[in-house]
Amino acid sequence: MLKTITECLNGKEENYILPFLWLHGEDEATLRSYMTAIHEANIRAVCLESRPHPDFLGPKWWQDLDIILDEAKKRNMKVWILDDQHYPTGAAAGAVKTAPAELHKQYLACNRTDIFGPQRRVRLDIGKLASTPQNPIAPQPLDYDDDCLLAIVAARLDGGIGNGPDHVEEAVVLTGKIEEGYLIWDVPAGMWRVFAFYVTHNGASPDYINLVAPDSCKILLDTVYEAHYARYADEFGKTIAGFFSDEPFLGNLSGNAQGCIVGKTRMPLPWSKEMETALKELWGENYPVNLPALWGEMGTAEETADIRNTFMNALTDLVKKSFSEQIGNWCRDHGVEYIGHIIEDNNASEGLGASVGHYFRGLWGQDMAGIDDIGAQITVGGANVEHISIAGSGDGEFYHHVLGKLGSSLAHIDPKKKDRCVCECFGAYGWTEGTQTMKYIADHLLADGVNHFVPHAFSAKAFPDFDCPPHFYAGGEDILFPAFGKLMAYMNRTAHILSAYQHTAPVAVLYHAEAAWSGQSWMKMQKCARILREHQIDFDILPSEVLELKDKILTVNGRQYKALVIPGCEYLGEKAAAFCKKAKAVDFPVYFSDFAPKNVQGTTVGLLDLADILADMTDVTLTPFHTDIRIYHGIKKGEGHVYFLFNESTWSSFEGRLKVKADGKCYRYDPMENRIFRRKLAGGSIPVRLNPMESALFIVTDAEIEATEELPEMTGTALLNGKWTISLKENGEFVPYEVTERLDGIMKDGWSGTICYEYQIPGGTLSEDADYIMLKLPQVRETAEVWCNGKYVGNAIAAPFCFELTHAWKKGKNLLRIEVTSTMEQKVKATSGGKDWFISMQKVWYGYGMSDIPVLEYCKKEEKV
């Protein structure tokens with residue numbers, strides 16, 4: 001018997017779920033009731049979010065934490081702590097406001113003025129040019145003692161055909177020509193742009209730590225981390241598992257600024273004395289001569305790209321060392337772990353503003369990789385479209401083909417992550433979200449290799465809390481909470497098994513950060529990712545700094561890849577270009593999709609041809625072809641192979657075979673019901689049938705597992721299209737609603753609850769020799785429970801809604817009872833008067849209950865194969 005299967009079957013799987021618990025200063029009884037509810041939902045950890053708490057790090061905070069830790073110890077639960085008063089991490093509970101000015105966020109800003117030549121003895125007022133402009137309708141800039149001029153650089157505007165309007169050449173540093181606050185300069189012939197580069201604390205997010213300054217980042221450690229250690233040192237590494245950073249940011253632009261790629265005009269850049277030291281080491285003392293390329297084009301396109309890449313590499317290395325690694329090392333030194341995520345939305349991770357410039361470096365110091373899916377980012381059926389999300393439009397290709405792979409790839413390549421990737425999920429989808437959507441999201445992430453989850457969120461505030469719902473349990477008001485607990489058990493079991501096997505991927509895809517920074521043409525990595533995923537060719541996304549050949553194979557943290565795919569780009573960073581040269585020398589395949597830089601070693605192929613070229617490299621093949629099947633393949637020495645399949649389609653079933661390069665016995669494990677079945681493996685091929693939105697987990701091993709036979713294929717059907725008696729549960733009792741032959745769903749404004757359907761199945765509906773009988777409910781919202789002749793058959797929280805009636809069936813008439821429980825959407829609508837923006841993110845109500853006629857399927861014993 002396999003260890004992981006045995007643990008799951010005996011209820012001994014580990015915990016992979018740590019939901020947010022939002023604290024508002026509730027009383028002791030409420031806190032203890034929520035810890036009880038979380039535990040009863042098959043969850044063994046919690047992550048405390050202080051955002052709405054009125055007294056973070058004050059007496060009430062410590063009192064509440066004492067209560068939660070006491071409950072956690074009673075229940076053998078772990079506690080994680082969000083590491084600031086609110087997101088984004090970095091305010092240090094307000095400590096930055098009172099810290100010395102030099103520790104506040106700092107920016108390299110630029111003012112420009114144009115002047116024509118030749119002219120002698122031109123005089124420019126540097127005091128005006130090298131300071132934050134005053135805006136009469138905005139807060140006035142503050143005076144800081146350490147705000148200062150960095151350099152004056154003049155560069156001739158080119159104005160040539162084919163060049164941009166900001167293209168400059170012949171840059172010269174003029175700082176030495178400043179006399180008593182004025183630049184005195186003999187202007188050569190031509191149009192010149194004078195750049196005044198100055199360092200200032202005036203800018204966006206002034207009360208947050210500076211991620212590129214280690215002393216500034218230490219404010220967070222000293223204020224939040226040390227305070228918790230001083231009080232709970234004995235619990236560190238025991239009940240207290242660690243800390244969670246939520247969306248730390250460089251913050252050089254205000255708000256949720258995304259797409260902030262270096263080179264954007266009028267954008268100040270993150271700065272610190274460490275940044276200046278790094279640029280001097282890279283460019284020499286005359287380094288300011290290169291700075292104009294950070295705000296426009298300078299010299300050749302290649303020269304601009306080189307400068308921008310050098311700057312961004314220095315910047316993101318500092319984020320890694322100053323913030324991520326400094327906090328991670330502190331945690332590991334104190335016996336706890338450090339986790340969290342940045343903003344990755346719509347390719348934000350390689351930008352400034354709301355993110356940190358580089359996904360992998362921003363999280364390198366953490367003990368798990370991390371991503372975020374809230375606000376309808378991963379959407380049911382939304383893989384290849386631009387859809388509406390909480391942040392506006394959502395790039396479906398990014399969220400469905402890249403987001404999860406970013407996280408799992410980092411988990412695979414960094415040894416200290418131990419293959420662990422955590423995702424904050426389910427939050428801000430609105431009250432219309434139920435277990436069907438949640439399971440779809442969970443299966444999508446599991447197939448991507450994500451194996452830890454932060455469900456968003458339990459809110460201890462009185463129901464309904466309008467802060468980014470849905471909320472689980474909701475003080476006992478959540479009618480779907482039992483189904484949520486079943487989903488948590490499913491996710492824990494699935495993650496436990498998949499985590500025991502080392503993920504294997506035949507292909508690596510290059511992270512596109514350097515190409516994006518260059519200012520030249522580039523292809524987003526999701527274009528390549530989509531082609532590979534739709535052809536079941538698995539991959540990891542790799543940053544350029546980990547590319548290494550060992551024995552002529554691309555090898556990272558013990559994982560080997562058979563090819564490197566580079567999304568089309570005109571510019572390739574230095575490390576990636578060096579790898580391509582080495583790969584060419586040993587015939588390791590490197591493929592550029594659609595276009596490539598000049599003089600870089602590699603083969604250019606059409607994007608749509610990638611799948612054909614790489615097809616022979618994969619260990620799994622699906623027939624017939626189906627674009628929406630996602631496959632996770634893992635290997636464990638001595639235990640064999642695991643295959644997790646998920647059908648992301650909302651309408652198209654799959655019936656075919658999964659061809660694998662593995663031998664042994666085959667089993668199908670059902671993590672929802674915690675059962676295991678034998679499955680035939682003939683000629684390295686597993687028969688597979690997946691309904692829309694259905695997943696399946698197969699194990700191929702030499703071990704003998706005690707398993708049962710699966711039900712045979714059903715050969716007959718009977719439609720239950722007579723009169724159904726429907727009643728609704730109101731005030732704890734079922735009240736008659738209607739008797740009808742039409743099942744169109746219930747559209748009753750302001751009502752959420754349970755719908756009861758009763759149907760007398762006439763004798764003779766099935767042939768007398770039917771031995772195996774299944775009930776299928778074609779369309780259900782949201783969960784279903786079934787009784788046959790008064791015997792409980794089972795429940796389902798997501799598609800497919802299939803129930804075996806064999807053991808409850810009797811000859812003659814049979815009484816069928818189906819109870820369908822809705823989401824909380826309409827109840828919240830009634831409570832709020834319809835004013836809650838989060839009732840439904842899409843403003844669409846699909847109705848409740850069953851919307852199609854149920855079907856009986858059956859077969860005889862002799863038909864069993």
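Modeller: Strands (E, at least two residues) and helices (H or I, at least four) are DSSP runs numbered from the N terminus. This is a predicted model: local features need pLDDT of at least 70, side-chain atom pairs count only at pLDDT 80 or more, and totals for chains, interfaces and linings use all residues. Residues are numbered from 1 along each chain as its sequence is written, and side-chain values use heavy atoms, leaving out hydrogens and water.

Biologist: Great. What joins β28 to β29, and how do they run?

Modeller: Strand β29 covers residues 640–647, and eight bridges join it to β28 in an antiparallel arrangement.

Biologist: Which strand does β18 join, and by how many bridges?

Modeller: Strand β18, residues 502–503, is joined to β28 by two bridges, and these strands run antiparallel. There, H503 has G634 of β28 as its bridge partner.

Biologist: Why is β28 largely enclosed by the rest of the structure?

Modeller: Because six of its eight residues (629–636) are buried. Buried means under 20% relative accessible area, exposed over 50%, and partly exposed in between, with a 1.4 Å probe and protein chains only.

Biologist: Handy. Is E574 buried or exposed?

Modeller: E574 has 71% relative accessibility, so it counts as exposed. You'll find E574 in helix α16, which spans residues 574–585.

Biologist: Switching topic: what is the strand order in the open sheet of six strands?

Modeller: The order is β11-β9-β3-β2-β1-β17, with parallel pairing. β11 (337–341) and β17 (458–459) are the edge strands with a single partner strand each, so one side of each has no neighbour in the sheet.

Biologist: How many bridges link β1 and β2?

Modeller: Three, between β1 (residues 20–22) and β2 (residues 45–49), in the parallel sense. Looking along that pair, L21 stands opposite L48 in β2.

Biologist: What about D594, is its phi positive or negative?

Modeller: Positive, near 75°, in a residue other than glycine. D594 is in the loop from β25 (590–593) to β26 (603–605), and its relative accessible area of 42% makes D594 partly exposed.

Biologist: Where is N731 found, then?

Modeller: N731 is in the loop between β37 (724–730) and β38 (733–740). Its phi is also a positive one for a non-glycine residue, near 55°.

Biologist: And is N731 exposed or buried?

Modeller: Exposed, with a relative accessible area of 84%.

Note on methods
Pairing = 2+ DSSP bridges.
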